[in-house]
Amino acid sequence: MNTKLFPLAAAMLLTACGFHLKGSLPYDRLPYKNWHIQGGELQVPLENALRRSDGLPVSAAQAQASVTVNSVEQQKDVLTITRAAMINEYQLALRVRAQVSRNGEPVGEPIQIEVRRTLEYADAEILGKQEEEAIIWQEMRRDAAQQIVRRLPFAVH
């Protein structure tokens, strides 16, 4: 096959199988522009994710709909142990439960998000690992907020 035709053939195959780039689905837009966010520790990440999706965080009086984070659970479990009985890796898990509502009434089922990450561990690098863990938790909260915002069109319809 001619090397110039290969990218064209690959693109045609991807579109033929139903592949779509992120954001190209009919539900990629928020159903409402103005949202009231009650996010607790996810407040700032949720507001930022909402703005990136062309939504606008507003006061409760101006909102067309609201998102309330009901619970945020963090869990840190030992994932692997070395032969010398030393901890080698932790698994960090963040579970978030949120509810969309309109006019004070819940809409649809609660949104449940679970984000997991692996943290390698070494006793010799304890200070650096504490900072790395804090950064990972922050990234996990940001990821959970983005997932909630991506699910808003489905939660409302």
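Q: Which share of the contacts with a separation of 6 or more joins residues 24 or more positions apart?
A: A contact means heavy atoms within 4.5 Å. In this chain, 62% of the contacts with a separation of 6 or more are between residues 24 or more positions apart. The model is predicted: local features need pLDDT of at least 70, side-chain atom pairs count only at pLDDT 80 or more, and totals for chains, interfaces and linings use all residues. Residues are numbered from 1 along each chain as its sequence is written, and side-chain values use heavy atoms, with hydrogens and water left out.

Q: How many helices and strands does the chain have?
A: Both are DSSP runs numbered from the N terminus: helices are H or I, at least four residues, and strands are E, at least two. Here there are three helices and five strands, in the order α-β-α-β-β-β-β-α along the sequence.

Q: Why does Ser66 count as buried?
A: Buried means under 20% relative accessible area (1.4 Å probe, protein chains only). Ser66 counts as buried because its relative accessibility is 13%. Leaving aside residues up to four places away in sequence, Ser66 touches Trp35, His36, Gln99, Val100 and Ser101.

Q: What share of the 157 residues counts as buried?
A: Of the 157 residues, 32% are buried.

Definitions and conventions. Buried < 20%, exposed > 50% of the residue type's maximum accessible area, 1.4 Å probe, protein only.
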